[in-house]
Amino acid sequence: MRILAFESTCDETAAAIVEDGRRVLTDQIFSQAELHAVYGGVVPEIASRCHVESISLLAERAVQAAGMEKRDLDAIAVSYAPGLIGAVLVGVNFAKSCALALNKPLIPVHHIRGHIAANYLAYPELEPPFLCLAISGGNTLLVDVRGYTDMKILGATRDDAAGECFDKTARVLGLPYPGGRPIDLLAQGGDDSRYVFPISHVDGNPYDMSFSGLKTAVINLVHNTQQKGEELDRASLAASFTKAVSDSLVPRTIQAARELGRDKIAVAGGVAANSRIRADFQRAAEENGLKLYIPPLKLCGDNGAMIGAQAYYEYLAGVRAGSDLNAYATMDI
Ligand code: KG4
C-alpha cells in the first residue's frame, strides 16, 4: 500500500511516499529554517505562508521521484496535530483536497506518533511493545508504545521541551537558530564537568521532566560571567548543558523500561540527533541489557516519511478522516 504523506506542523514542509509503512519511495523536504534564523525562532505567519508556497510543488515532486502516477497512490495522510495551528492547517487542507480530487482515503496522523514511527523505517524488525522517548522542539514525552496505535504517556515535560532548551541556550550564546546542532558541535571540544547545572525532579510523577530551571541557570551563568568581565568557556558550557539535558532524559527512560519490563527502547525527534544523548543512550542500553533504536539523523527531524509510516498502521487500525478533518495545536497522543 502506497501512501502520500504530508507534514507541515512547524518549519519543515514535506511530502513523502511510503510503501506498507516501512519502505520510503521518496521523501521531499523543504526546510524553512534559514528564513526564520534572522528572527531567532519560528515566526508562525511566515511558516504558514511558506507552507502554502511549497506544498503543492513538493507533492508533485514526490509523485515524480517515486516514478508513479497520482492514480497509483492508495491513500493520503497528513500530520494534523500538534503544531503551529496556521502551519498545520495548510497541510490538512491540502491533504483533504488531494484525497477529494484523487478519491482516496484520508488518514490523520498525530505528529509525535509520526516521530516514533521514524524508527520503523530505520529498523524493519522493530515492533511494539517498546518504550519511546520523543524529544523535539515542541514536545518531550516518555511514551509506552503498547501497539502501533495504542500508546500511553508515562511522563512529559512540565514546561519547556528539550529542543526549546537547546534553542534558548544557543540564542544566549549568540549561535544561530535552530540551536541544537550548533550546541552539539560546540560541545565537542568542551569539558562537561566545568559547569554544574541543575537536573530537575518534579513532584508527583517520576517520569515528568522540567527544563525551565536549566534554561534559567544557563542564562544567569552567561549574564553573571559577562557582568564580572570574566571569560566564558563556551565549549564547556555547551558540554555541561548537554550533559544536564542527557542526565534528565536517559536515566528516566531506562528506569521506566525496567519498571514496565520493556526490553526495547526507542528515541525519536529532532533532539535525538544529539551526539552526546545518542552516546549516553547507547551506553546505558548496553549496561542494562536493553535493545536501543535511534533513527539516523535524517529521520530525527521533521519529515514526511515518518507520517507515511505511522499512517499505514493507522489505516490498518481503521482510522480515516472525513472531509471535516480539522487541525489542532495540541492533542493527546
Ligand atoms: O523534531 P524537530 O525537527 O521538530 C519538532 O517537531 O519540533 O525538532 C527540532 C528540534 C530543535 O529544537 C533543534 O534545535 C533540535 O531539534 N535539534 C537538536 C539537534 N539537532 C536538532 N538538538 C540537540 N542536538 C542536535 N544535534
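Asp 160 sits in the loop that runs between strand E8 (150-156) and helix H5. With a relative accessible area of 9%, Asp 160 is buried, because anything under 20% counts as buried. The side chain of Asp 160 has a partner: it makes a polar contact of 2.8 Å with the side chain of Lys 215. Please keep in mind that this model is predicted.

**Around the ligand**

- The ligand is surrounded by 21 residues, and the closest are Gly 137, Asp 167, Gly 180, Gly 270 and Asp 302.
- By type, the residues of this shell divide into 12 polar, 5 nonpolar and 4 charged.
- Three helices each supply at least two residues of the shell: helix H4 (111-122), helix H5 (162-172) and helix H6 (180-187).
- Both domain 1 (2-115 + 301-316) and domain 2 (127-299) take part, each giving at least three residues to the shell.
- Asp 184 uses its side chain instead, with a polar atom 3.0 Å from a nitrogen atom of the ligand.
- How much of the ligand does the protein bury? Taken alone, the ligand exposes 560 Å², and the protein buries 87% of that.

- The structure holds 0 disulfides.
- Cys 50 is in no disulfide, and the nearest cysteine sulfur, in Cys 10, is 12 Å away.
- Cys 50 counts as buried, because its relative accessibility is 6%.

- Ala 87 is part of helix H3 (residues 85-102), and its relative accessibility of 1% makes it buried.
- Ala 87 and Ala 5 are 82 residues apart in sequence, and their C-alpha atoms are 15 Å apart in space.
- Ser 240 belongs to helix H8 (residues 234-260) and is buried, with a relative accessible area of 3%.
- Along the chain, Ser 240 and Phe 197 are 43 residues apart, while their C-alpha atoms are separated by 7.2 Å.

- Ala 81 and Pro 82 are joined by a cis peptide bond, with omega at about -15 degrees; Pro 82 is placed in the loop between strand E4 (75-81) and H3.
- Another cis peptide bond joins Tyr 177 and Pro 178, where omega is about -10 degrees, and Pro 178 lies in the loop between H5 and H6.
- Asp 20 is not a glycine, yet it has a positive phi of about 50 degrees. You can find Asp 20 in the loop between strand E2 (12-19) and strand E3 (23-31), where it is partly exposed at 35% relative accessible area.
- Asn 103, also not a glycine, has a positive phi of about 55 degrees. Its place is the loop between H3 and strand E5 (106-110).
- Is Asn 103 buried or exposed? Asn 103 is exposed, because its relative accessible area is 68%.

Technical notes. Residues are numbered from 1 along each chain as its sequence is written. This is a predicted model: local features need pLDDT of at least 70, side-chain atom pairs count only at pLDDT 80 or more; totals for chains, interfaces and linings use all residues. Side-chain values use heavy atoms; hydrogens and water are left out. A residue is near a molecule or strand if one of its heavy atoms lies within 4 Å of it. A polar contact is a pair of N or O atoms within 3.5 Å; within protein, one must be able to donate a hydrogen and the other to accept it, and residues adjacent in sequence count only if both atoms are side-chain atoms. Accessible areas come from the Shrake-Rupley method with a 1.4 Å probe; for residues, only the protein chains shown count as cover. Helices (H or I, at least four residues) and strands (E, at least two) are DSSP runs, numbered from the N terminus. Ala, Val, Leu, Ile, Met, Phe, Trp, Tyr, Cys and Pro count as nonpolar, Asp, Glu, Lys and Arg as charged, and the others, Gly among them, as polar. Domain bounds come from an automatic or database domain assignment. A disulfide is a pair of cysteine sulfur atoms within 2.5 Å. Buried means under 20% relative accessible area, exposed over 50%, partly exposed in between (1.4 Å probe, protein chains only).
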